[in-house]
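Reader: I am new to this structure and would like to learn how to read it. Could you take me through it step by step?

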Amino acid sequence: MGMKLTLKIWRQKDGADKGRMVPYELEDISPDMSFLEMLDVLNERLILDGEDPVAFDHDCREGICGMCSLVIDGTPHGPQRATTTCQLHMRHFQDGDVITIEPWRAGAFPVIKDLVVDRTALDRIIQAGGYVSAPTGSAPDAAAIPVPQADAHDAFDAATCIGCGACVAACPNASAMLFTAAKVTHLGLLPQGQPERYGRVTAMVAQMDAEGFGGCTNTGECTAVCPKGIPFETITRLNADLLTAARRS
Amino acid sequence: MDLFTEGEPIHDTRAPDGPIEERWDQRRFGGKLVNPANRRKLSVIVVGTGLAGGSAAATLGELGYRVKSFCYQDSPRRAHSIAAQGGINAAKNYRNDGDSIQRLFYDTVKGGDYRSRESNVHRLAQVSVEIIDQCVAQGVPFAREYGGLLDTRSFGGVQVSRTFYARGQTGQQLLLGAYQALERQVAAGTVEMFTRHEMLELIVIDGVARGIVARDMVTGEIETHTADAVVLASGGYGNVFFLSTNAKGCNVTATWRAHRKGALFANPCYTQIHPTCIPQSGEHQSKLTLMSESLRNDGRVWVPVAKGDTRAPGDIPEDERDYYLERRYPSFGNLVPRDIASRAAKSVCDEGRGVGPGGLGVYLDFAEAIARLGRDAVANKYGNLFEMYERITGEDPFEVPMRIYPAVHYTMGGLWVDYDLQSTIPGLFVIGEANFSDHGANRLGASALMQGLADGYFVLPNTISDYLSGGPFEKVGDDHEAVVAARKTVTDRIERLLSIDGDRTPDSFHRELGALMWEYCGMERTDEGLRKALDRIRELRTEFWGSVKVPGENEELNQALEKAGRIADFFELAELMCVDALHRAESCGGHFRAESQTPDGEALRDDENFAYVAAWEYTGEAPVLHKENLEYENVKMVQRSYK
């Protein structure tokens, strides 16, 4: 016996369309399905009924590519903590539930269609300085750069960011601070990242502002929804680096 | 009609002779260079932004070429290399445990079951050490020892510790390194990035690759892009099976379109089936998830002795369990190589002794390890994997044994390339999983990341200059007849797909094709089964073109249309895979032919008749087979045994 569900899904034909919530009834949903497989079932039916299937972003479906991006019942990536939409399974819902599904909402993430948004602004923040300038072939021997284990560990924690943008979607200011801070922290903790450390943070924050993301007011919603649990302290670190950068300039 | 015909043999004319350890130096010295001032006048298209494509586009940009980079995702950072877990091999010998370039070379040739090229594999082993240096310099957070030096671990049954890793997310960290290098070049203006773009055709002029036709997946616009060379880094074709560990969007279209334009396709039947994946839970399943192979270090694999035993695992007494890997392979036990473990799981399930839904699963039991090491120690080693398993299945591996089943993971076959990584179409280069390259008939663990980055950072940027030095090339306009024709092929095909308006969804065809391939061209293949599959694939393909229903229009984001186009190409590839599997009447690596086994059921190679690369030419009808003979001067061919 499968579950019966009512879905209320944001439908928007393109960027120019105003958009609206549209209800759909689903029956016989297995609790073993992933959330996206449940949407697959809906789309198979819509195609056969001659209706436009619901567009949504997804790719790896194993929680690492960062492409899936649904706001489920008001929460980016849905009710299960530290879990991307694609790893969320229907056993966490009840028979008869009404589920609302919306796209990431942020001025810097314009809707392309239905639940698909444009997140290229995040790539441009990386372009502004989210790298170490190390052209291919120029590297010293790997063992020549020791990194204290604790620093490597903390750098890794920040580096696990999958760039999904849930932090932006959850933030009342639509700030991309956690995303930016994760990269600033990853590279700033490593010896390889030191030469460009202060220029990097300044340029990335400037780009974040230029893209129309809001400022950070320390509400912490970003960390709460982050599927990889990027620590809130990364933002403190970014602010400290930004202050030092301002002092040095 | 014959299934295929045989044509002239093919040779790798770029591979230098002489001592194997000097060949890469020799080739680099023999190849012509392009003056830095002239590089900005030369343009290169790179399709795909995984480890191979991302690193190649970044490096070509650094060298000063004008690069156009394409990916179907919304960002180059999402390419499926991101999902690789285990690690990356390099012959650094930091452990002082006897490793060397020679040993990595030997292990990889043997692991590939003697179906790869010695010259290529040796170069891969040489370049492996530079890759680790490069990635560390970029800030890839590899695991470290207390003293701050790099940690390594053992992997895939080799006897040295040469695998560098970043927790269980090595692919993610390596890809982000390449992605950041790529974005740096985008900012520098050397690379122009085209996201949400899918290559749908190759432009060939006078036999030379000069560009691609791509669809803007947001607006539906069909664009033509011309360049002086084209690099395909579009990954593998495991999604022909519908269910695989690949991302949903992974597809064969870029390489298949190039194949149709004249690039030979090599060894398409070589597929790697990974033994430890989470089994299918129902008809709705959309993809399969890999669980790291490291679990087999402490988990014991078993099924009930009796067929159709539906008791809960805890209710089955010890003497009614069959620890079949330990029984059949006493010296390697649960740690036999991937291909052996996968086939053994299939055979117990075929006997009706499988567990879980549909009887398609075997237990991977940690009870003994928990009793021996304690719950905490097991949690420390495998905690994140246990969590991932529980998230997907809803079952706690501390309480009930995991259920696992093999799944398609990687494809060793791909477009044929020479030592320069150039295909049989001049100006068309193929790198990473998209080429047939260095893994022979079976890929060893932690070698895919190594090969992708070797090709992209170090091999291609050095070999492509020899080709580009032949420039400047004649400029090609959008109105060139070959460009117009290629564009028309694409628009006609899209119009045809949209106009069928049948009564079956694209996915329903893909699922049926995948099931066929899994049944007849999966873990075990037979002459009879493959012939049956060929008949059925052709019928299904006809049905697809008669009754698929693709909603909407081209001029919008249309995910059903994207899928339908990919499936159409998978149908053609599936046929070639079956022909290749049928003609290769031996068993080797990931290709197991039931007719070719030892008396105790192990794979039996036939070196006398099959020690060659099968490179297939597209004709529209029966394909033409070109054989590239494989010679082993440095490694002695022997039969593998794990008893």
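Author: Gladly, and let us start with a term: a polar contact is a pair of N or O atoms within 3.5 Å; within protein, one must be able to donate a hydrogen and the other to accept it, and residues adjacent in sequence count only if both atoms are side-chain atoms. Between domain 1 of chain B and domain 2 of chain B, 2 residue pairs are in polar contact (both at pLDDT 80 or more).

Reader: What should I know about the model and its numbering?

Author: This is a predicted model, in which local features need pLDDT of at least 70 and side-chain atom pairs count only at pLDDT 80 or more, while totals for chains, interfaces and linings use all residues; side-chain values use heavy atoms, with hydrogens and water left out. Residues are numbered from 1 along each chain as its sequence is written, and chains are lettered from A and ligands numbered from 1 in the order in which they are written.

Reader: Into which domains is chain B divided?

Author: Domain bounds come from an automatic or database domain assignment. For chain B this gives domain 1 (20-237 + 419-468), domain 2 (274-407) and domain 3 (488-608). The C-alpha centres of domain 1 of chain B and domain 2 of chain B lie 34 Å apart. Their contact (heavy atoms within 4.5 Å) takes 6 residues from domain 1 of chain B and 7 residues from domain 2 of chain B.

Reader: How is the size of such an interface given?

Author: Often as the accessible area lost when the parts come together. Here, buried area is the accessible area (1.4 Å probe) that two parts lose on being put together, summed over both. Domain 1 of chain B and domain 2 of chain B bury about 510 Å² between them, with 39% of it on carbon and sulfur atoms. On the side of domain 1 of chain B, 60% of the area buried against domain 2 of chain B is supplied by Gln85(B), Phe155(B) and Asn442(B), more than by any other three residues.

Reader: What about the domains of chain A?

Author: The assignment for chain A gives domain 1 (3-113) and domain 2 (120-135 + 144-248). Their C-alpha centres lie 29 Å apart. In contact are 17 residues of domain 1 of chain A and 19 residues of domain 2 of chain A. The area buried between these two domains of chain A is about 1300 Å², of which carbon and sulfur atoms give 66%. Pro76(A), Ala108(A) and Phe109(A) lose the most area in domain 1 of chain A to domain 2 of chain A, together 35% of what that side buries. Between domain 1 of chain A and domain 2 of chain A there are 0 salt bridges and 2 residue pairs in polar contact (both at pLDDT 80 or more).

Reader: How do I read the residue classes on the side of domain 1 of chain A that touches domain 2 of chain A?

Author: Ala, Val, Leu, Ile, Met, Phe, Trp, Tyr, Cys and Pro count as nonpolar, Asp, Glu, Lys and Arg as charged, and the others, Gly among them, as polar. That side of domain 1 of chain A has 9 nonpolar, 6 polar and 2 charged residues.

Reader: Now the two chains together: how many residues of chain A are in contact with chain B?

Author: 77 residues of chain A are in contact with 75 residues of chain B. The area buried between chain A and chain B is about 6100 Å², and carbon and sulfur atoms give 53% of it. The rule finds 7 salt bridges across the interface of chain A and chain B. Lys287(B) forms a salt bridge with Glu62(A), where the closest N and O atoms are 2.6 Å apart. Polar contacts between chain A and chain B come to 48 residue pairs (both at pLDDT 80 or more).

Reader: Why is helix 2 of chain A described as largely enclosed?

Author: Helices (H or I, at least four residues) and strands (E, at least two) are DSSP runs, numbered from the N terminus. Buried means under 20% relative accessible area, exposed over 50%, partly exposed in between (1.4 Å probe, protein chains only). Helix 2 of chain A is largely enclosed by the rest of the structure because 7 of its 8 residues are buried. Among them are Leu122(A), Ile125(A) and Ile126(A). The cover over the buried residues of helix 2 of chain A includes helix 5 and helix 6 (197-210) of chain A together with helix 6 (170-188) of chain B.

Key
A salt bridge is a side-chain nitrogen of Lys or Arg within 4 Å of a carboxyl oxygen of Asp or Glu.
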